[in-house]
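This briefing goes with the sequence and coordinates shown below. It is meant to be read with the model open in a viewer.

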Amino acid sequence: MSNRLLWGARTASIAVAVCFAAAMPPAATAADTPAPEPVARAQPLDKARALIAAKQWPASLAELKRLDLRGSADWQNLMGYVSRKSSPPDLAAAETHYNEALRLEPAHRGALEYSGELYLMKGDLAQAEARLATLAQACNRCEEQADLAAAVARYKANGNRYQP
């Protein structure tokens, strides 16, 4: 074989090797090299949650209505919460939203807790205790269950009157 032909064959095989190397997945990082942190992305309900945390009920309601995420159990739960906490509270709207949240996600811990508190506000201890029982099955000793159990205990200790 001539040098030119040999040189061309070598160049072609090097080119093929480079192409294969480029197509290979990158090598794994060393065990002591931390993986890059995922970039936190704003969630659609973040602004509404911040307004709720600040107890800005009219602004919270306006933000939730602007988002209009009716197919979201979280959105329905927050709508129920804001309706219940607003002054004056809209208990009928709160109940509608909590029930929709639970239709969408039957084990939604927030909606179970908050609807239980709503029933205490309405004087319906049996319904509040039913929500507590469902919550116990859904999470067994979670924060929401503990909070609703404490609200039921306060209700009973206060002569069956709701006390936030």
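The model is predicted. Its protein chain contains 8 helices and 0 strands, and the order along the sequence reads α-α-α-α-α-α-α-α. Of the 164 residues in the protein chain, 30% are buried.

**Fold and core**

- Among contacts in the protein chain with a separation of 6 or more, 47% link residues 24 or more positions apart.
- The largest nonpolar core holds 31 residues. Leu45, Ile52, Leu64, Trp75, Tyr98, Leu120 and Val152 are the members with the most contacts inside this core.
- Two or more residues of this core are supplied by each of helix H2 (46–53), helix H3 (57–67), helix H4 (73–85), helix H5 (91–104), H6, helix H7 (125–139) and helix H8 (143–157).
- H4 contributes 6 residues, the largest share of this core.

**Helix pair H6 and H8**

- The axes of H6 and H8 are 9 Å apart, and the two helices pack at an angle of about 5 degrees. H6 is therefore roughly parallel to H8, because angles under 35 degrees are classed that way.
- On the H6 side, the contact is formed by Arg109, Gly110, Leu112, Glu113, Gly116, Glu117 and Leu120. On the H8 side, the residues are Glu144, Asp147, Leu148, Ala151, Val152 and Tyr155.
- Sorted by class, the contact of H6 with H8 comprises 6 nonpolar, 2 polar and 5 charged residues.
- Leu120 and Val152 take part in this contact, and both are also listed among the residues with the most contacts inside the largest nonpolar core.

- Ser115 belongs to helix H6, which spans residues 109–121.
- Is Ser115 buried or exposed? Ser115 is buried, because its relative accessibility is 1% and the limit for that class is under 20%.
- A polar atom of the Ser115 side chain is 3.2 Å from the backbone oxygen of Leu112.
- Apart from residues up to four places away in sequence, Ser115 touches Tyr98, Leu102 and Arg131.
- Tyr98 has contacts with Gln76, Asn77, Gly80, Tyr81, Arg84, Ala111, Tyr114, Ser115 and Leu118, when neighbours within four places in sequence are left aside.

**Tyr155**

- Tyr155 is a residue of helix H8, and its 3% relative accessibility places it in the buried class.
- Leaving aside neighbours within four places in sequence, the contacts of Tyr155 are Leu120, Gly123, Asp124, Leu125, Asn160, Arg161 and Tyr162.

**Leu91**

- Leu91 sits in helix H5. At 23% relative accessibility, Leu91 is partly exposed.
- Which residues does Leu91 contact, leaving aside its neighbours within four places in sequence? They are Arg84, Leu118, Met121 and Lys122.
- For Leu91 and Met121, which are 30 residues apart along the chain, the C-alpha atoms are separated by 8.6 Å.

**Backbone geometry in the loops**

- Most residues other than glycine have a negative phi, and most peptide bonds are trans.
- Pro88 is in the loop between H4 and H5.
- Asn140 is located in the loop between H7 and H8, and its relative accessible area of 53% makes it exposed.

Note on methods:
Residues are numbered from 1 along each chain as its sequence is written. This is a predicted model: local features need pLDDT of at least 70, side-chain atom pairs count only at pLDDT 80 or more; totals for chains, interfaces and linings use all residues. Side-chain values use heavy atoms; hydrogens and water are left out. Helices (H or I, at least four residues) and strands (E, at least two) are DSSP runs, numbered from the N terminus. Buried means under 20% relative accessible area, exposed over 50%, partly exposed in between (1.4 Å probe, protein chains only). A polar contact is a pair of N or O atoms within 3.5 Å; within protein, one must be able to donate a hydrogen and the other to accept it, and residues adjacent in sequence count only if both atoms are side-chain atoms. Contact means heavy atoms within 4.5 Å. A nonpolar core is a set of buried Ala, Val, Leu, Ile, Met, Phe, Trp, Tyr and Cys residues joined through side-chain atoms within 4.5 Å. Axes are lines fitted to C-alpha atoms, for helices over the stretch in contact, and angles run from 0 to 180 degrees between N-to-C directions. Angles under 35 degrees count as roughly parallel, over 145 as roughly antiparallel, 65 to 115 as roughly perpendicular and the rest as oblique. Ala, Val, Leu, Ile, Met, Phe, Trp, Tyr, Cys and Pro count as nonpolar, Asp, Glu, Lys and Arg as charged, and the others, Gly among them, as polar.
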